[in-house]
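Colleague: Could you take a close look at a single part of this model and walk me through what surrounds it?

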Amino acid sequence: MKILIADNAGFCFGVKRAVKMAYDQVNNSDDSKTYSYGELIHNPQVVRDLEDKGIKTIEHIDELDENSKILIRTHGIPEKIYDELKKKKVEIIDMTCPFVKRVQKIVNGYYKKGYSIVIIGDRNHPEVIGVNGWCNNSAYVIQSTDDVNSLPFLDKACVVAQTTITQKMWEDILALLHLKVKELISYNTICDATNKRQSSAEKISKEVDMMIVIGGKNSSNTQKLKKICEKNCDKTVQVESADEIDLITLKDVKTVGITAGASTPDYLIQEVIDKITSGRKE
Ligand code: SF4
């Protein structure tokens, strides 16, 4: 069996940076407790390992002890939460991905200039919740072309994208938005890492009999990769680790493709390759 691995798979720049910063905290830790505001990345194995090493995930900032440290994950947080954290006696270690920070700045700038804000993305995703928090939660969040119908006609608006949506979703919705907004300023803020992962997954999914997408079940960019692969390859499966791979399903497969979401560490990709390779020898 031939194994094709997508050129761009696994940890992106922002996640790599955040995970390194988190492990640096573990290694250089003083006596203060360290918390992560929400799961640090959408990968249960990494989150569990960090918890074992003392980084506890919290969902509300009132769970924080005085003099503790709080890690802000790559998705970022709303402005109001920053302000509340600053009032507490805690050390803020900000790991917000610079690409997400840029989106927050764009939104905040246009909001202050009196523009309506439109975010194309998933309204329940922490990144979108965070970005919306930089325009006083006033954004219209559009999740599908149908949502554009319920949008009121607007005089002037600035539209940005959740960094992990597909190019197609951006283009389809943007075309409709032009019919609803007189003056529309658009920033395609889909990040380059997302674009590259999606194009390389699309490319290899056309060349294989089976695609394996590795990544957290709660990872937005992994779900998008799965959808893209499914269009080209009926036999697409998503797994979080090698344990979930059933070698029987690979029995008649001649070429298998592998891609991985931006929160998937290299060792998990390697374990999947090792399992497939070991099955091939049996
Ligand atoms: S996917 Fe892009 S925006 Fe999101 S953390 Fe990675 S590099 Fe940053």
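Modeller: Buried here means under 20% relative accessible area, exposed over 50%, and partly exposed in between, computed with a 1.4 Å probe on protein chains only. This is a predicted model, in which local features need pLDDT of at least 70, side-chain atom pairs count only at pLDDT 80 or more, and totals for chains, interfaces and linings use all residues. Residues are numbered from 1 along each chain as its sequence is written, and side-chain values use heavy atoms, with hydrogens and water left out.

Val15 counts as buried because its relative accessibility is 6%. Once its neighbours within four places in sequence are set aside, Val15 is in contact with Ile41, Thr74, Ala262 and Ser263, contact meaning heavy atoms within 4.5 Å. Thr264 lies 249 residues from Val15 in sequence, yet the two are 9.0 Å apart in space, C-alpha to C-alpha.

Turning to the ligand, the residues around it are Cys12, Gly14, Cys97, Phe99, Thr163, Cys191 and Thr194, each with a heavy atom within 4 Å of it. This shell divides into four nonpolar, three polar and no charged residues, with Cys and Phe counted as nonpolar, Gly among the polar residues, and Asp, Glu, Lys and Arg as charged. Of the shell, Cys191 counts as buried, because its relative accessibility is 12%.
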